[in-house]
Amino acid sequence: MTYYRFQEYAKHVRIGKIICLARTYKEHAREMNTIVTEDPLLFLKPASSVIFNHGTIVIPRMSQCLHHEVELGVIIGKNGKHIGEEKALQHVLGYLVALDITARDIQSIAKKNGWPWGIAKGFDTFAPLSDAVLKEKVPNPQNLDLVLKINGAIKQKANTNQMIYSMERIISFISEIMTLERGDLILTGTPEGVGEIKEGDVLEADLGSLCSLTVNVKRER
Ligand code: MG
């Protein structure tokens with residue numbers, strides 16, 4: 001079992017399912033030569049893909065090309081199904097910054113063939129998470145600076161106000177499909193600027209001064 005690491009929260013919250021959104025920023029959809037959709041696009045990552053601050057992303061033997069995607073993560077604190085938008089934020093426990101690591105070569109083949117993305121997104125170490133902050137510290141989750149640096153150089157920089165769906169809509173929509181349970185994590189999609197990571201790289205992600213994440217990269221032997 002894996003538990004979140006909270007900056008200031010003593011109680012253990014187990015990491016449940018990880019629900020990821022795709023194409024939630026227009027400029028990222030454009031760089032991937034694709035379009036945004038009216039309803040959010042979802043896929044799942046296993047909890048076994050989680051690593052934490054100062055962990056190591058492992059490039060698996062099956063892939064030759066991993067990409068970074070920096071994202072705002074939303075931790076669910078209260079179970080719910082068919083959650084109305086007006087009550088959606090009451091179900092949030094906290095936030096963190098995450099990387100949705102993607103085997104882009106495997107994903108490209110899947111996209112071409114109309115196959116699911118589970119392999120490209122689900123390897124061990126493909127979900128690095130920062131320590132989390134309680135929602136009380138975050139007056140507006142859709143006004144947060146999101147930055148990713150590789151070896152000190154900025155690669156992705158955006159504000160969550162550029163997301164095309166509201167947080168309320170995202171939570172409400174997901175809960176129409178699957179019960180959201182305490183400990184579930186929503187990765188809300190990446191802005192533009194995704195690119196390759198290599199063995200030896202040091203990745204630093206942050207949500208302004210709220211939370212930060214540093215991980216390195218090695219290849220599986
Ligand atoms: Mg993503």
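User: Why is Asn33 called exposed?
Analyst: Asn33 has a relative accessibility of 75%. Exposed means over 50% relative accessible area, buried means under 20%, and partly exposed is in between (1.4 Å probe, protein chains only). At 75%, Asn33 is over the cut-off and therefore counts as exposed. Asn33 sits in the loop between helix 1 and strand 2. Helices (H or I, at least four residues) and strands (E, at least two) are DSSP runs, numbered from the N terminus.

User: What kind of model is this, and how are residues and atoms treated?
Analyst: The model is predicted, with local features needing pLDDT of at least 70 and side-chain atom pairs counting only at pLDDT 80 or more, while totals for chains, interfaces and linings use all residues. Residues are numbered from 1 along each chain as its sequence is written, and side-chain values use heavy atoms, leaving out hydrogens and water.

User: What is the phi of Asn33, and what is that of Arg23?
Analyst: Asn33 is not a glycine, yet its phi is positive, at about 55°. Arg23, also a residue other than glycine, has a positive phi near 55°. Arg23 lies in the loop between strand 1 and helix 1 (26–31). The relative accessibility of Arg23 is 18%, under the 20% limit, so Arg23 counts as buried.

User: How do you know whether Gly118 is buried, exposed or partly exposed?
Analyst: Gly118 has 44% relative accessibility. That value falls between 20% and 50%, so Gly118 is partly exposed. Gly118 belongs to helix 3 (residues 118–121).

User: What makes the pair Asp100 and Lys45 a salt bridge?
Analyst: A salt bridge is a side-chain nitrogen of Lys or Arg within 4 Å of a carboxyl oxygen of Asp or Glu. In this pair the closest N and O atoms are 2.8 Å apart, which is within the limit, so the pair qualifies. The two residues come from distant parts of the chain, 55 residues apart: Asp100 is in the loop between strand 7 (92–99) and strand 8 (102–103), and Lys45 is in strand 2 (residues 41–45). Asp100 has a relative accessible area of 1% and is buried. Lys45, at 4%, is buried too.

User: Which residue does Glu69 meet in a salt bridge, and at what distance?
Analyst: Glu69 meets Arg104 at 2.9 Å, N to O. This pair also links distant parts of the chain, 35 residues apart, with Glu69 in the loop between strand 5 (66–68) and strand 6, and Arg104 in helix 2 (residues 104–113). The relative accessible area of Glu69 is 5%, so Glu69 is buried. Arg104 counts as buried at 6%.

User: What does the salt bridge between Lys121 and Asp100 tie together?
Analyst: Lys121 and Asp100 meet with 2.9 Å between N and O. Lys121 lies in helix 3 and Asp100 in the loop between strand 7 and strand 8, so parts 21 residues apart in sequence are joined. Both residues of this pair are buried. Lys45, Glu69, Asp100, Arg104 and Lys121 are linked in a network of salt bridges, and the structure holds ten salt bridges.

User: Why is Glu71 said to have no salt bridge?
Analyst: Lys and Arg count as positive and Asp and Glu as negative, with His and the chain ends not counted. The nearest side chain of opposite charge to the buried Glu71 is Lys121, 5.7 Å away. That is over the 4 Å limit, so no salt bridge is assigned to Glu71. Glu71 is placed in strand 6 (residues 70–76).

User: Which backbone nitrogen lies 2.9 Å from a polar atom of the Glu71 side chain?
Analyst: The nitrogen belongs to Gly189.

User: How do you know which residues Phe6 is in contact with?
Analyst: Contact means heavy atoms within 4.5 Å. Leaving aside neighbours within four places in sequence, Phe6 is in contact with residues including Val13, Ile75 and Leu93. Phe6 is in the segment before strand 1 (18–22). Its relative accessible area is 10%, under the 20% limit, so Phe6 is buried.

User: What makes strand 4 an edge strand?
Analyst: Two strands pair if DSSP finds at least two bridges between them. Five strands form an open sheet in the order 4-16-15-11-12, with mixed pairing. Strand 4 (56–59) and strand 12 (153–159) each pair on one side only, and these are the edge strands. Strand 4 is joined to strand 16 (residues 211–219) by four bridges, and the two run parallel.

Methods:
Polar contact = N/O pair within 3.5 Å; in protein donor to acceptor, adjacent residues only side chain to side chain.
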